[in-house]
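This report looks at a ligand site and at one residue of a helix. Have the chain open as you read.

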Amino acid sequence: MKFEMVCNNCGSIHSDESGLYQCPFCKGAMTIRYMENGLARKEGDRTQRWRGMWMYKESLPIVSDHPVTLGEGATPLVFLENWSGLATNVYAKTETTNPTGTYKDRPASVSVSRAKELGARGVTVASDGNAAPAVAAFAARAGLPCVVFMPRETPKERCIQTAAFGALILLLEGNINDCLDQAAKAAKAFNLHNCSTTQGENPYQVEGDKTIAFEIVDQLGFCPDWVAVPIGGGSLLTGVVKGMAELREAGRIKSMPRILAVQAEACAPFVRAFQKGEPVRREEHPRPTLALTIAVPYPPDNVQAMKALKSVNGDAVAVSEDDLSKTVLDLSTRYGVLAEPSGAASLAGVSRRGREGFFSEGETVVSVITGTGLKSLGIFAGELQEKGWEMPTLPNDERTVHAYLKTML
Ligand SMILES: *Cc1c(COP(=O)(O)O)cnc(C)c1O
């Protein structure tokens with residue numbers, strides 16, 4: 001047996017052969033526990049066959065030798081010199097370079113690999129724009145049909161990207177929480193494997209998220225003081241903390257980094273609950289936000305995420321729409337990294353806390369940039385136009401071209 005599955009609620013334990021998605025006794029969310037820490041092995045013992053995220057195959061919940069992979073993981077760690085004028089060393093873990101443009105390729109690769117080895121006839125996923133294209137891509141690679149539930153307002157580019165991988169898309173008159181409910185019901189009714197990124201419906205996906213922590217420590221060569229992550233449903237945060245805990249257990253780091261969880265003020269049920277020390281309550285009146293893909297009115301994994309955040313003495317902060325737009329533009333114009341606002345929310349949170357004097361000089365902060373700006377070019381167009389961006393059309397004539405350049409350079 002490679003791993004066992006422990007119910008977070010009733011504590012019952014199940015073997016990896018059970019192929020479960022939820023506790024059979026109480027329907028609780030389950031956590032994967034490995035019989036042997038895959039990181040504790042000597043480097044030489046690790047198989048050299050795998051690239052990217054699957055270098056950590058010993059620590060992932062797949063028993064077969066055939067993961068479904070498209071080159072996810074092994075994303076760059078970019079040093080952001082003088083970010084926000086802080087005396088802190090700020091790095092960006094740019095998940096934007098994954099196959100479909102977001103870190104969701106990691107959980108999707110694990111989930112579809114697991115579904116395939118369990119003999120799934122098809123997969124389903126609920127998504128507001130990033131999990132859907134990711135799962136659809138890996139399902140296509142695995143030759144499995146994929147049924148997607150998305151809120152009706154999901155930007156068209158994200159639907160088209162998903163459809164391009166051959167998925168069947170259902171747009172719901174509802175929000176992401178409603179989509180998660182329908183995907184769970186459809187999974188049961190049609191015997192589909194649920195690849196949504198919530199631990200309560202899919203315990204495998206969070207294991208993909210934890211490889212971000214493995215890579216950060218491998219790339220830095222030490223454990224950062226802080227890791228900042230955007231938070232929507234809560235799975236990513238839970239996964240990063242689990243990864244750090246496995247690194248510590250294997251003796252690769254001495255103590256855990258602290259985590260900074262970041263949401264947009266427009267929809268910040270998790271941050272508010274953390275700051276008040278109360279349980280997370282549904283955001284009844286979310287406002288529109290640039291950070292579409294983390295605007296989850298009720299974060300389904302909030303209990304696990306809150307526990308994880310408190311276990312590392314973490315912090316949570318909400319950022320404004322101005323913070324978000326300024327951060328994406330600074331990141332693209334000054335550092336060459338194109339992020340969607342949700343993806344750069346973590347960094348906006350670092351700037352905000354940095355301005356408040358929260359970090360010490362010489363501390364190292366890694367901000368996980370979770371998604372590409374390529375799916376949000378409309379937002380960039382809007383922000384640039386507000387700053388007076390113009391693109392002149394000139395006659396095909398050297399003198400006119402040079403005369404224009406003279407006024408600009
Ligand atoms: C899904 C997503 C998140 C948040 O992940 P959760 O696990 O839902 O908290 C953050 N950023 C981007 C770009 C995402 O797509």
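A polar contact is a pair of N or O atoms within 3.5 Å; within protein, one must be able to donate a hydrogen and the other to accept it, and residues adjacent in sequence count only if both atoms are side-chain atoms. The model is predicted, so local features need pLDDT of at least 70, side-chain atom pairs count only at pLDDT 80 or more, and totals for chains, interfaces and linings use all residues. Residues are numbered from 1 along each chain as its sequence is written, and side-chain values use heavy atoms, with hydrogens and water left out.

**Ligand contacts**

| Residue | Protein atom | Ligand atom | Distance |
|---|---|---|---|
| Leu 236 | polar backbone atom | oxygen | 2.8 Å |
| Gly 232 | backbone N or O | oxygen | 2.8 Å |
| Thr 370 | polar side-chain atom | nitrogen | 2.7 Å |

The protein buries 96% of the 380 Å² that the ligand exposes when taken alone. These areas come from the Shrake-Rupley method with a 1.4 Å probe.

Around the ligand stand 15 residues, each with a heavy atom within 4 Å of it. Lys 104, Asn 130, Gly 233, Gly 234 and Thr 370 are the closest. The shell holds eight polar, five nonpolar and two charged residues. Here Gly counts as polar, and Asp, Glu, Lys and Arg as charged.

**Arg 114**

Helix H1 spans residues 105-117 and includes Arg 114. Helices are DSSP runs (H or I, at least four residues). Is Arg 114 buried or exposed? Arg 114 is buried, because its relative accessible area is 1%; buried means under 20%, exposed over 50%.

Technical notes
Helix = DSSP H or I, 4+ residues; strand = E, 2+ residues; numbered from the N terminus. Buried < 20%, exposed > 50% of the residue type's maximum accessible area, 1.4 Å probe, protein only.
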